[in-house]
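User: I'd like to walk through this model with you, one question at a time. Please put the sequence and the structure up, and we'll start from there.

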Amino acid sequence: MSYNTEDPYFETEFEEIFNEWYEIEGVRKIKELSRQFRTFFNYKTEVIRYRFRSNLAPTENFTNTNFFTQKQKIESLTLEFITMLRKMKKTAQTLEQGIRSLFYNNNKSQFNQLSEITDQLFILIHYFSEESLHSHPKFLKFIILLAQDICMVKKCLYAQFSEFFEELEINYSNLEKELNILVERTLVEEKKFEKQLEEKLTS
């Protein structure tokens, strides 16, 4: 079947199809980027909740079955993700160059594999952003560090969104620093509390 590209009806039909595809794809991307913002602010809230929590001792009780299952899944995927990045680092001077080489060398298999695993990890990161991770500071820190690495990968894989993911990576980095300060302060407070308790018991 042949098409007359000079036919004004063909041009109109083509524009309608393109506009419809662009609108659907544009809406999908906007939703995804919006979710990334919401996820970050959820973690920001958890760090604030950690700062003002009443109990000094962190809770490490993962009793919720679904939570534990998702935790195992993200840890398994993270191991796979890190293994992939290490292989790429070996083939380039920097990790970012190794990731970008997938695009420039037209390595579709690895590109798609890395893209898929980062998408899966981001979905899990979003899931945990709606859980009460302020009571699990070690796992909260793990997630924030992972989010930074994924933002770096996304920045390299998708040039059109590189500035967005670079900014998001910086925000997660700042959040990690804030959490580190709070965790260190908590450790000092816990040691002080234990010492006071010991003195009371021995006096």
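User: How far apart are the end C-alpha atoms of α5, and what span should its 21 residues have?
Analyst: The expected span of a helix is 1.5 Å times one less than its number of residues; helices here are DSSP runs of H or I with at least four residues, strands are runs of E with at least two, and both are numbered from the N terminus. For the 21 residues of α5, that rule gives 30 Å. The distance between the end C-alpha atoms agrees with this, because it too comes to 30 Å.

User: Before we go on, which atoms do the side-chain values use?
Analyst: This is a predicted model, where local features need pLDDT of at least 70 and side-chain atom pairs count only at pLDDT 80 or more, while totals for chains, interfaces and linings use all residues.

User: How many of the residues of α5 are buried?
Analyst: Buried means under 20% relative accessible area, exposed means over 50%, and partly exposed lies in between, using a 1.4 Å probe and protein chains only. By that scale, α5 is mostly covered. Of its 21 residues, the number buried is 16.

User: Which exposed residues sit on the face of α3 turned away from its buried side?
Analyst: The cover over the buried residues of α3 includes α2 (65-90), α4 (108-129) and α5 (137-157). The face turned away from that buried side carries the exposed residues F103 and Y104.

User: Which residues does I99 contact, leaving aside neighbours within four places in sequence?
Analyst: Contact means heavy atoms within 4.5 Å. I99 belongs to the buried set of α3. Its partners are L85, M88, L114, M152, V153, C156 and L157.

User: How far are R100 and C156 from each other, C-alpha to C-alpha?
Analyst: R100 lies in α3 and counts as partly exposed, because its relative accessibility is 30%. Along the chain, R100 and C156 are 56 residues apart.

User: Is K155 buried or exposed, and which side chain makes a polar contact with its own?
Analyst: K155 is found in α5 and counts as buried, because its relative accessibility is 10%. Outside the four places on either side in sequence, K155 touches E96, S162, F165, E166 and E169. A polar contact is a pair of N or O atoms within 3.5 Å; within protein, one must be able to donate a hydrogen and the other to accept it, and residues adjacent in sequence count only if both atoms are side-chain atoms. At 3.2 Å, the side chain joined to K155 is that of E169.

User: Which side chain makes a polar contact with H126?
Analyst: H126 lies in α4 and is buried, because its relative accessibility is 12%. Not counting residues up to four places away, H126 touches R35, R38 and T39. The polar contact, at 2.7 Å, is with T39.

User: How many helices does the protein chain have, and what percentage of its residues is buried?
Analyst: The chain has 6 helices and 0 strands. Among contacts between residues at least 6 apart in sequence, 81% join residues at least 24 apart. Of the 203 residues, the buried share is 35%.

Notes:
Residues numbered from 1 in each chain as written. Heavy atoms only, no water.
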